[in-house]
Amino acid sequence: MKLKDPLPDMQKRSFLKKVLNGTIAGSLYLVYPMNSSGFEWPEQIPGVRDAYDIHARKFAFIVDITRCIGCGSCCVADKQEYNVPDGNYRTWVERYVKGFSDQIYVDCPNGGLDGYQTPRSDIKEEIRDTFFVPKLCNMCKEAPCVQVCPVGATFTTPDGFVLVDEKRCVGCAYCIQACPYSVRFMHPRTRVVEKCTWCYHRIRKGLLPACVDVCPTGARKFGSLQDETSEVYKILKGPGVLTVLRKEMGTWPALYYKGARMEVI
Amino acid sequence: MNTALASTAFASDSIGSATMLLSNYVFPNDLHVHWSMMIVLYPYITGLVDGAFIIAALYYLFGVKSLRPVARFSLLFALAFLCCATLPLLLHLGRPERNFNMLLTPNPSSAMAGFGYIYAVSMGVLGFIILLVYRPVLVELRSTSQGWLKVLYRVITLDSIDVSEKALELDAKIIRFLVAIGIPVAAVLHGYVGFIFGGVKANPTWSTPLMPVIFLFSACVSGISAVILAYIVIRKLADQPIDHGCIITMVKTLTGFFILAFSFEMLEVFSHSYLKSGYHHMVEGLLNGPLASSFWFWQVKIGSVLPLLVLGIMGIFKLRSYLYNFLAAGVSGILLVQVLIMRWNVVIGGQLMSKSARGYTEFHPLWFDKEGIIAVIIVMAIPFAILFVLGKIFPFWAPENK
Amino acid sequence: MGFSYKMRLILVCLGIFVMAWVGFLFKSLLLPDSFGLYGHFRADAITEAVEVPVRHGTNSSCFKCHPFEAKIHKAGLHSTISCEFCHGPYADHVAVDKKTGTLPVKTGKQITTLCLRCHNTQIMARSEEVIKTVAMPDHLRNQQVKLTHDCNQCHHVHAPLKYINRAKQITGLMEKG
């Protein structure tokens, strides 16, 4: 028995309908009321723009490996959102290929920024299974990076995000060593550590993380756990199997994977 | 990049075909080695401090009288290197101007946060030991010196010329007390460096409780070797006699510490390969792949087995003092390099493994970089310059007649 | 200065004690504002993280000024594709509701490359349930068009089946509606 996901475009349509009905009913196009600060963005995460109690809020991020097509939209969006310097990656998409000999072949040219245009030519055996794995910050509940930061520049917010205080970071790179997922890098210009924040600035404005917003297939899902209509709430409440990466590290990631094979590291 | 590595990393067929296989995939953020040569140098320098301090402690606290000729010198040697212990760290930091954040908001859960405080305490303890040890000499020098040197001597003797028996007895008591504190402080200063590595669970070669122990013993090895070599070389250059009894004691101490250090280093490798747990395949692939020559050939064969044989010969056979001293200097030199290679293999070697557990990255040292080879040479030269200056204020060697 | 040697040592110890105390005083003075409010970090860093500017908009932000493209895009099978994936980020185009720059539009072979990023059937990791993939140039051959054709010569990039369905309707292969 396999639970089939609702088609992603259906979600988006129903979502748009919701926005249309809720905000500016009757209007043909989405025309947003202007205010002094400029453009008013649609509220993609319902309820966030109301009073934000940082201690009560909880969010979830689920990556559905079975839906990822390796287009690299998320990587492109991420690079655009943060002007991530070349050679460093806040998020990336890996390609896994599993042969009948149980050998695993993984590659990730340019972090998946250019997408996957050609199949691997260096695999000599018959392929048994192949899939894409998007990677980003795991937002560990027992974050090793937070533990080792000597100056308190990496921290866990009360709403569960692991962030970097770029004004206090001394750039010792201890957190880079401690992160089992290698999501951290040293920004070549600011000389402090940077990493995926799940687009905390967007979430607090009611917008989805950039990678989630652009994902055409709904492989990346994000939502509020206070919102019982959100897809992540339904998935987490349901019986489907979700896994985390590198469970043996004792980091208790808040990033869940759906459909991740056991070889995924 | 990835394909180029494949040939080196998987040359060894000892990685079983049924175990988790490597496809030489490196996480995109893992291509760069973040802790490079300055972080190799930092534990090396604190190790030298630690080992030199052990020699002084053996004399001042445990009363090993034969070490008297080098006891004072080893204290100065330790101070010269301790002064420079922060240099590689500052060169390494992305934002060195923010280094005081370590003192302002030390994170109690971080192994690294205590550095500032441990460093300050060890500096203070070592400084006071030296001032008290040298006080009678300084009081004497004060009366014979002129100008700013006289002012300096007045300050560092606390402007007191009291060298009465009672005062010297008090000094001796305080020295013993300070050295007794100094041993744990030195052990913590260096052992915690080992723990910084040992506490990184994401890295399979680092995360072992043996790491602080290995670091401590190899620190003692490097520090004692450095004192032996420096003593022989400086005395030779100045055409002064070498105290053979002192050399014998130091070599014996060195042998003891080296056997411990080498045993623990090998124990770590042995338990990795015997337990075959977790990411063992990565460690095995590392030691037989990218580190094959720097670990097995340089660190183990040339740097450890050879000195062990020579130290064995020196311990078993009765050698003429000239030959004994020559071998002592030679072995010390090799061991100094061995400890540096060991630090390299731990610090840089450990980072060559990608956390993907499927591949290895490469490290190519640069010449002109703030963490480059030139910078390393400069950082290693500064302690000797400091030692030279210290030698002008504090005479290295105890007078022969006493 | 008639202190005895012992007294001097005691004074030095006191001096160190006072210095350490002053040091800790300075430490508490130099502690950044809001440090420790939620934990061992600067609480203001959260506010700063919130204030990071949004560079990547949403499709709705593009549709606001491009109603013509919006209508086509939303009606087609590509409605879940982000405008900014192909055209570049919102912030490079608009600032405070004023146009500040022109975003590129892909042409010719660039479009084919872009299409094959998702639709290349050679990449086997793509589930049929999620995306329809094609083999090139077999697809061109099967459709009996020139092998030099770009995808957008048959498929509208914003709504891939727009022209195809229209053609089918005209030729009576498909019912209107």
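1. Helix H6 (residues 115-144) and helix H7 (residues 147-156) of chain B pack with their axes 9 Å apart and at an angle of about 140°. Helices are DSSP runs of H or I with at least four residues, strands are runs of E with at least two, and both are numbered from the N terminus. Axes are lines fitted to C-alpha atoms, for helices over the stretch in contact, and angles run from 0 to 180 degrees between N-to-C directions.

2. This is a predicted model, in which local features need pLDDT of at least 70 and side-chain atom pairs count only at pLDDT 80 or more, while totals for chains, interfaces and linings use all residues. Residues are numbered from 1 along each chain as its sequence is written, and chains are lettered from A and ligands numbered from 1 in the order in which they are written.

3. Leu131(B), Leu138(B), Leu141(B) and Arg142(B) of H6(B) meet Lys150(B), Tyr153(B), Arg154(B) and Ile156(B) of H7(B). Residues are in contact if their C-beta atoms, placed from the backbone, lie within 7 Å. By class, this contact of H6(B) with H7(B) has five nonpolar, no polar and three charged residues. Ala, Val, Leu, Ile, Met, Phe, Trp, Tyr, Cys and Pro count as nonpolar, Asp, Glu, Lys and Arg as charged, and the others, Gly among them, as polar.

4. Between chains A and C, 53 residues of chain A are in contact with 43 residues of chain C. On the side of chain A that touches chain C, H2(A) gives the largest share, five residues. By class, that side of chain A has 25 nonpolar, 16 polar and 12 charged residues.

5. Chain A has seven helices and 11 strands.

How values were computed. Contact = placed C-beta atoms within 7 Å.
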